[in-house]
Amino acid sequence: SLDVAVRDFQPRAVTVALDAPDTGDRLAEQVIADTSMLNVIQEAVVERNYYTAEEVARIRVRSSLSDAALRTSRLQVAAGGRTLAETRGLRPEEVVEIPVDKLALGENALALSLSEGGRQLATTTIMLRRLKPRPGFEVKTDRFRGVVLKDGTPFFPVGIVMHGVTSKHEQVFKFLAEEIGFNTLVRSGTYKDSTYRSDLNDAQAYMDLAVKYGFSVVNWGTGKQPHPIDGKPLPERLRIHRAKYDQLEPAIVRETEILRDSPNMLAYWNVDEPNLLNKEARIAAAEWYFKTVDPIDPYRPQFLLYSKHIPHGDKWTRWGEVLGYDVYPRPYVGGMYSEPGLATAYYSCDLRDRCRRDTKVQWFVPLSSHLGPPRAPIGMSRAHLLCQAYTTLIYGSRGLLYFVLSGVVGEEAWGGLKTIAAQVKMLSPALLEAPPKQVVSYTPGALRPAERQFPVVNVATFRYPDGAYLLLAANI
């Protein structure tokens with residue numbers, strides 16, 4: 001072990017190197033990826049992804065100082081050289097409030113300073129976005145509770161991806177609203193060139209129909225994710241992909257200009273599964289898409305869906321305020337995926353950890369019933385569907401967007417989705433509140449998510465706004 005002296009507790013890049021003493025040649029080198037333990041300010045996060053008409057903005061600060069040191073410490077928040085908040089006698093987790101009307105429209109850099117006895121221990125800078133109010137069209141993320149807010153009200157989306165459905169299929173809208181009880185639809189179509197998406201001209205009629213039946217809409221334009229190109233270095237591949245994206249961008253712009261004026265618009269689905277093949281190009285395209293859409297409609301969040309894994313690093317979550325996993329169980333085929341509850345529990349815990357670390361909202365894309373052969377020759381039963389849904393609720397998901405409409409086969413599957421929609425509606429007031437501290441022990445069994453060890457029965461407690469408690473349990 002090595003002792004390294006430091007003057008203060010600031011974020012650092014740490015590299016451990018092994019050099020040959022006689023020649024000085026570098027024999028080995030390792031970058032320490034997680035240096036969070038070096039930081040006195042372990043977290044500093046603004047409660048919402050943007051502010052409009054709020055009077056105050058809350059900032060949560062977590063510190064690793066001892067209780068004794070915190071009692072004599074001071075936390076200061078400033079912007080543009082002006083102090084906005086100051087508090088002394090701190091706790092390990094402190095929430096400070098700053099006046100929103102003292103901030104400029106746009107991005108504001110907030111300087112946080114932690115000091116003790118006149119000595120500055122640590123500083124950090126976080127960003128706060130302030131926008132002009134747009135009542136009726138504001139969808140924010142609450143990073144403290146991990147939920148989306150529609151015009152200030154917590155909202156739990158439960159709905160389904162609809163490939164190939166347009167406003168010509170009103171009977172589908174009517175069925176999903178009145179018979180199944182979904183509150184959200186994922187509008188899906190493909191960008192093909194600079195002026196065309198397969199249902200671009202249908203955008204306004206689609207949104208009007210969604211309003212008629214009470215649906216919020218997540219917009220998923222496929223075709224913008226880059227396909228693999230063999231035999232070329234990454235810079236050349238990115239140039240080719242960027243040229244293709246530039247051809248699509250006018251259609252994306254036109255579509256966003258239509259959708260932003262729809263009161264039921266909920267979120268934009270960014271590049272799908274950017275962790276899969278060609279991942280460096282896919283995450284680059286996610287950045288391009290974010291930077292196209294956000295200036296046009298900064299009032300709605302963007303959703304990044306991953307296939308069961310998010311690579312390490314900020315760039316993989318920077319281009320979305322909401323993160324999700326798609327987990328498609330395959331009953332009766334063997335292995336972990338044959339158990340919908342176990343697979344969902346493991347991946348929901350993994351996603352929850354990443355969302356907490358990067359202060360994102362957690363949604364989940366469960367299987368609606370069936371993927372078809374050869375991947376899933378036998379579809380999920382009603383019991384499977386309910387097990388998957390309640391397991392991911394227990395482990396942090398605050399949105400369910402089922403894949404896919406065409407995969408729902410049979411009365412049992414539709415009955416399961418109808419039950420889930422009804423019960424989520426009933427449970428949402430508790431699910432969308434900040435959860436109480438979880439104190440759970442399991443006998444027999446153990447909860448060790450990283451080791452894929454879960455008890456037979458998994459539970460979590462929630463609390464309704466009136467103080468009543470809710471216990472969810474799932475037998476996986």
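A nonpolar patch joins side chains of Val, Leu, Ile, Met, Phe, Trp or Tyr within 5 Å, taken from residues with over 30% relative accessible area and no salt bridge. Keep in mind that this is a predicted model.

**Stop 1: the patch and the hairpin**

Select Leu2, Val4 and Val6. Together they make a nonpolar surface patch of about 350 Å². Val6 sits in the segment before S1. Is Val6 buried, partly exposed or exposed? Its relative accessibility is 47%, so Val6 counts as partly exposed.

Now select residues 14-19, strand S1, and residues 26-32, strand S2. The two strands pair in the antiparallel sense, over six bridges. Pick Val14, and its bridge partner in S2 turns out to be Ile32. Then go to the turn of this hairpin. Six residues lie between S1 and S2, and Gly24 takes a positive phi near 80 degrees.

**Stop 2: the cores**

Select Met162, Phe173, Leu176, Trp269, Trp363 and Leu400. These residues touch the most other members of the largest nonpolar core, which has 111 residues. Which helix gives this core its largest share? Colour residues 411-431, helix H8: nine core residues come from there.

**Stop 3: salt bridges**

Side chains of opposite charge can pair when their charged atoms come close. How many salt bridges does the structure hold? There are 28.

Select Asp294 and Arg129. They form a salt bridge, with the closest N and O atoms 2.8 Å apart. Asp294 is in the loop between helix H5 (279-293) and strand S18 (302-306), while Arg129 is in strand S9 (residues 119-130), so the pair ties together parts that are 165 residues apart in sequence. Asp294 counts as buried because its relative accessibility is 10%, and the cut-off for buried is under 20%.

Move to Asp261 and Arg134. This is another salt bridge, and its closest N and O atoms are 2.5 Å apart. Asp261 belongs to the loop between H4 and strand S17 (265-269), and Arg134 to the loop between S9 and strand S10 (139-142), so parts that are 127 residues apart in sequence are tied together. Asp261 is partly exposed, with a relative accessible area of 42%. Arg134 also counts as partly exposed, at 21% relative accessibility.

Next, pick Asp297 and Arg300. Their salt bridge has its closest N and O atoms 3.0 Å apart. Are these two residues buried or exposed? Both Asp297 and Arg300 are buried. Finish this stop with Glu43, Arg60, Arg62 and Glu93, which salt bridges with shared partners join into one network.

**Stop 4: a helix residue and its contacts**

Select residues 234-259, helix H4, and zoom in on Arg254. Arg254 is partly exposed, with a relative accessible area of 39%. Which residues does Arg254 contact, leaving aside neighbours within four places in sequence? Show Thr195, Leu200 and Asn201. Leu200 is 54 residues from Arg254 along the chain, and their C-alpha atoms are separated by 8.5 Å.

**Stop 5: backbone details**

Most residues other than glycine have a negative phi, and most peptide bonds are trans. Here are places to check against that.

- Select Phe403 and Val404. The peptide bond from Phe403 to Val404 is cis, with omega near 5 degrees. Val404 is in the loop between strand S21 (400-402) and H8.
- Select Thr443 and Pro444. A cis peptide bond joins them, with omega about -5 degrees. Pro444 is in the loop between H8 and strand S22 (457-463).
- Select Asp151. Its phi is positive, near 50 degrees, although Asp151 is a residue other than glycine. Look for Asp151 in the loop between strand S11 (147-150) and strand S12 (153-155). Asp151 counts as partly exposed, at 40% relative accessibility.
- Select Asn278. This residue is not a glycine, yet it has a positive phi of about 65 degrees. Asn278 lies in the loop between S17 and H5. Asn278 counts as buried because its relative accessibility is 14%.

Methods
Residues are numbered from 1 along each chain as its sequence is written. This is a predicted model: local features need pLDDT of at least 70, side-chain atom pairs count only at pLDDT 80 or more; totals for chains, interfaces and linings use all residues. Side-chain values use heavy atoms; hydrogens and water are left out. Helices (H or I, at least four residues) and strands (E, at least two) are DSSP runs, numbered from the N terminus. Buried means under 20% relative accessible area, exposed over 50%, partly exposed in between (1.4 Å probe, protein chains only). Contact means heavy atoms within 4.5 Å. A nonpolar core is a set of buried Ala, Val, Leu, Ile, Met, Phe, Trp, Tyr and Cys residues joined through side-chain atoms within 4.5 Å. Two strands pair if DSSP finds at least two bridges between them. Patches are made of residues with over 30% relative accessible area and no salt bridge: like charges are joined within 9 Å, nonpolar side chains (Val, Leu, Ile, Met, Phe, Trp, Tyr) within 5 Å. Accessible areas come from the Shrake-Rupley method with a 1.4 Å probe; for residues, only the protein chains shown count as cover. A salt bridge is a side-chain nitrogen of Lys or Arg within 4 Å of a carboxyl oxygen of Asp or Glu.
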